[in-house]
Amino acid sequence: MKITDVNITPIAMKDPPLRNIHGVHQPYALRSILQVHTDEGLTGLGETYGDLAILTALRKVAPRLTGLDVLDLNGLERIIRETLGASAGLATHGLVGEASDEKSVSTVLSAFEIPCWDLQGKALGRPVVDLLGGKVRDAVPYSGYLFFKPAAHTPLPDYATDTWGEAMDAEGIVAQARKMVDGWGFKSLKLKGGVLPPQDEADAILALRDEFPDHPLRLDPNAGWTVESSIAVGRKLDGVLEYLEDPTGGIDGMAAVAREVSMPLATNMCVTEFAHVKPAVLVDAVQVILSDHHFWGGLRRSRELAGICRTFGIGLSMHSNSHLGISLAAMTHLAGAAPELTYDCDTHYPYLVEDVVVQGVLSFKDGSVTVPDGPGLGVELDLDSLARLAEQYEKCGFDTRDDITPMRAVQPDWDPVIPRW
Ligand SMILES: O=C([O-])C(=O)C[C@H](O)[C@@H](O)C(=O)[O-]
Ligand SMILES: [Mg+2]
């Protein structure tokens with residue numbers, strides 16, 4: 001089956017004012033939706049970041065894929081490397097570690113690899129999870145992702161504010177967690193930190209522990225703390241956290257914290273490509289790696305990462321960014337076939353109010369998503385929704401994720417310094 005044509009559609013989806021170390025989410029999050037058409041009349045779906053630099057790279061690669069066999073993933077990688085050249089360097093928003101040429105290649109590779117898996121599954125009449133070796137679980141557990149947030153964006157966007165309300169202290173976070181747990185059934189909780197002083201965030205975790213005595217808890221300040229602050233929080237939360245995620249920056253910084261705290265340290269910032277694994281292992285910097293097929297190079301590479309984690313006794317979890325149903329399906333197939341993945345995966349999905357896939361296939365029950373059993377990814381594009389979100393992209397006025405500028409609308413002297421505390 002050969003690729004005949006590729007459509008890449010940038011879309012914008014409404015997104016609540018979620019806070020993080022950089023600032024606050026814009027009122028619209030951007031994604032690129034890929035439709036890869038073939039000479040057998042089948043179309044494969046994909047979803048990745050919508051930032052202009054990535055969109056430009058995708059558009060450069062797409063015409064060169066005509067004639068490629070959808071099973072030839074090595075050929076796909078070769079074309080991408082040839083097209084992007086040695087200086088592929090796409091800037092990232094910084095919350096997933098440093099940009100690099102290799103990471104850019106991996107990001108673009110993943111974007112096209114997912115539709116190829118979708119096509120392979122559709123051609124065989126089998127779900128992607130079967131192509132990855134078969135199910136090790138019928139449903140993939142996700143964790144409830146908590147964010148400090150104001151009630152509304154500043155300035156107010158042209159749509160109604162979200163239903164989550166304000167959560168700028170421990171009480172607000174517990175209320176948000178209650179909604180997540182009661183509404184979605186999540187069995188574990190992750191708090192996005194780096195917003196309040198570390199001791200206040202530790203207090204929010206302790207409040208969550210009181211309210212949810214049996215839920216594994218995680219805290220992730222995106223490298224917002226010094227080594228000293230990280231150790232202080234780690235000691236305060238001894239026995240409370242399932243893992244502490246990226247408390248501080250860099251492999252050496254994480255190693256210094258790891259030596260002094262009892263809980264595992266997790267990362268989606270200091271080990272984000274294969275070249276980072278060896279230096280991290282040598283100093284035992286991280287005990288859990290959060291995979292993310294979007295920047296680790298797709299499903300095949302994510303399986304390789306899982307094998308490396310198994311080899312070195314490193315735990316495997318899964319990272320997320322604001323995403324839609326195509327990505328949720330890909331994440332669920334991958335996790336559904338990965339025995340190494342023993343932690344609940346991250347997802348931003350509860351914050352989503354609109355999607356490009358036909359509803360009904362992907363739903364959360366008891367915090368888990370059943371692995372779709374239709375051919376390929378098992379999800380179908382809703383063309384009307386795609387057109388509406390594409391129009392929203394044209395009108396929204398953003399072409400790149402930027403959490404700093406909207407923060408300055410609230411606090412003009414905002415300085416996104418890392419580490420902050
Ligand atoms: O685990 C993480 O670091 C993330 O999920 C990064 C995201 O960009 C998150 O910080 C967000 O959505 O603001
Ligand atoms: Mg993280």
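Modeller: Strand 2 (residues 28-38) and strand 3 run antiparallel and pair over 7 bridges. Strands (E, at least two residues) and helices (H or I, at least four) are DSSP runs, numbered from the N terminus. Two strands count as paired if DSSP finds at least two bridges between them. This is a predicted model, in which local features need pLDDT of at least 70 and side-chain atom pairs count only at pLDDT 80 or more, while totals for chains, interfaces and linings use all residues. Residues are numbered from 1 along each chain as its sequence is written, chains are lettered from A and ligands numbered from 1 in the order in which they are written, and side-chain values use heavy atoms, with hydrogens and water left out.

Back to the hairpin. Strand 2 and strand 3 have 4 residues between them. Gly-41, in the turn, has a positive phi of about 80 degrees. Thr-43 in strand 3 is the bridge partner of His-37. Strand 3 (residues 43-49) is mostly covered, with 6 of its 7 residues buried. Buried means under 20% relative accessible area; exposed means over 50%, and partly exposed lies in between (1.4 Å probe, protein chains only).

Strand 5 is joined to strand 6 (residues 189-192) by 4 bridges. There, Gly-144 faces Leu-189 of strand 6.

Next, the metal. Asp-220 (OD), Glu-245 (OE) and Asn-268 (OD1) coordinate the magnesium ion (ligand 2) at 1.9 to 2.2 Å. Donors are N, O and S atoms within 2.8 Å of the metal (3.2 Å for Na, K and Ca); water is not among the atoms, so sites may look incomplete. Along the chain, the donors follow the spacing D-x24-E-x22-N. Asp-220 sits in strand 7 (residues 217-220), and Asn-268 sits in the loop between strand 9 (265-267) and helix 9 (277-282), 48 residues apart. Asp-220 is buried, at 1% relative accessible area. Asn-268 is buried too, at 0%.

A polar atom of its side chain lies 3.1 Å from the backbone oxygen of Leu-95. A polar contact is a pair of N or O atoms within 3.5 Å; within protein, one must be able to donate a hydrogen and the other to accept it, and residues adjacent in sequence count only if both atoms are side-chain atoms. Beyond its neighbours within four places in sequence, Asn-268 is in contact (heavy atoms within 4.5 Å) with residues including Val-96, Asp-220, Glu-245 and His-319.

Finally, ligand 1. An oxygen atom of ligand 1 is 3.0 Å from a side-chain N or O atom of Glu-245. For Asn-222, the corresponding distance is 2.8 Å. A polar side-chain atom of Lys-192 lies 3.0 Å from an oxygen atom of ligand 1.
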